[in-house]
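Me: I have a model open and would like to go through it with you. Can we start with the overall picture and then look at details?

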Amino acid sequence: MALYESVIIGRQDLTPGQFETLLEKFITVIESFKGEIKKRENWGIRNLAYKINKNRKGHYMLLNIDGPPEAIQEYERLMRLDEDIVRFLTIKIKSIDEKPSPLMVNKSERLNNETVTDEKYQETNIT
């Protein structure tokens, strides 16, 4: 199975509970294809760089997934159909970083740990 990193942005007017319920629906799809969620980080409500569908903010969630490509295809198809999802991006990676993502680390700690390697990202052809 392959490793993937997925960031999902949900509409700003959802409650945190509604956003979690929405994500559970997508996680169930991945698990039905024998996939597994290795890491899950809730980044909370953050400002968007620009307005998307009249939204200025969004609920952000990071998922690290270990699963077959068929699971990711179905997962992304369902996200495209759901109007509560503003944007999403899923990329294939070589390994899952067990440390918290830079958004979860305090700003002072981030300045000390500026050595981020791009080796974990694998080049893929997007069709």
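**Going through the model**

Reply: The protein chain exposes about 8,500 Å², and carbon and sulfur atoms supply 48% of it. Accessible areas here come from the Shrake-Rupley method with a 1.4 Å probe, and for residues only the protein chains shown count as cover. This is a predicted model, so local features need pLDDT of at least 70 and side-chain atom pairs count only at pLDDT 80 or more, while totals for chains, interfaces and linings use all residues. Residues are numbered from 1 along each chain as its sequence is written, and side-chain values use heavy atoms, with hydrogens and water left out.

Me: What does the secondary structure of the protein chain come to?

Reply: There are 3 helices and 4 strands. From the N terminus on, the order is β-α-β-β-α-β-α. Helices (H or I, at least four residues) and strands (E, at least two) are DSSP runs, numbered from the N terminus.

Me: How much of the protein chain is buried?

Reply: Buried residues make up 39% of the 127 residues. Buried means under 20% relative accessible area, exposed means over 50%, and partly exposed is in between (1.4 Å probe, protein chains only).

Me: And what share of the contacts comes from residues 24 or more positions apart?

Reply: They account for 75% of the contacts with a separation of 6 or more. Contact means heavy atoms within 4.5 Å.

Me: OK, the core. Which residues have the most contacts inside the largest one?

Reply: I8, F19, F26, L63, I65 and Y75, in a nonpolar core of 18 residues. The elements giving two or more residues to this core are β1 (2-11), α1 (16-32), β3 (55-67) and α2 (69-81). The largest share, 6 residues, comes from α1. A nonpolar core is a set of buried Ala, Val, Leu, Ile, Met, Phe, Trp, Tyr and Cys residues joined through side-chain atoms within 4.5 Å. In soluble globular proteins, nonpolar side chains tend to be buried together.

Me: What is L63 in contact with?

Reply: Leaving aside neighbours within four places in sequence, L63 is in contact with Y4, E5, S6, I8, I27, I37, K39, R40 and Y75.

Me: How far does α1 reach from its first C-alpha to its last?

Reply: α1 has 17 residues and reaches 24 Å, close to the 24 Å expected at 1.5 Å a residue. The expected span is 1.5 Å times one less than the number of residues.

Me: Changing topic to the strands. In which sense do β1 and β3 pair?

Reply: Antiparallel, over 10 bridges. In β3, the bridge partner of I9 is Y60. Another 8 bridges join β1 to β4, and these two run antiparallel. Two strands pair if DSSP finds at least two bridges between them.

Me: How many residues of β1 are buried?

Reply: 8 of its 10, so β1 is mostly covered by the under-20% cut-off.

Me: What about E76, buried or exposed?

Reply: E76 counts as buried, at 16% relative accessibility. E76 lies in helix α2 and touches F88 and T90, not counting residues up to four places away in sequence.

Me: And where does I45 lie?

Reply: I45 is in strand β2 (residues 36-52). I45 is partly exposed, with a relative accessible area of 47%. I45 touches K57, G58 and H59, not counting residues up to four places away in sequence. I45 and G58 are 13 residues apart in sequence and 5.3 Å apart in space, C-alpha to C-alpha.

Me: Last one, backbone. What is the phi of K34?

Reply: A positive value of about 65°, although K34 is not a glycine. Most residues other than glycine have a negative phi. K34 lies in the loop between α1 and β2 and counts as exposed at 66% relative accessibility.

Me: And where is N53?

Reply: N53 is in the loop between β2 and β3. Its phi is near 50°, a positive value in a residue other than glycine. N53 counts as exposed, at 63% relative accessibility.
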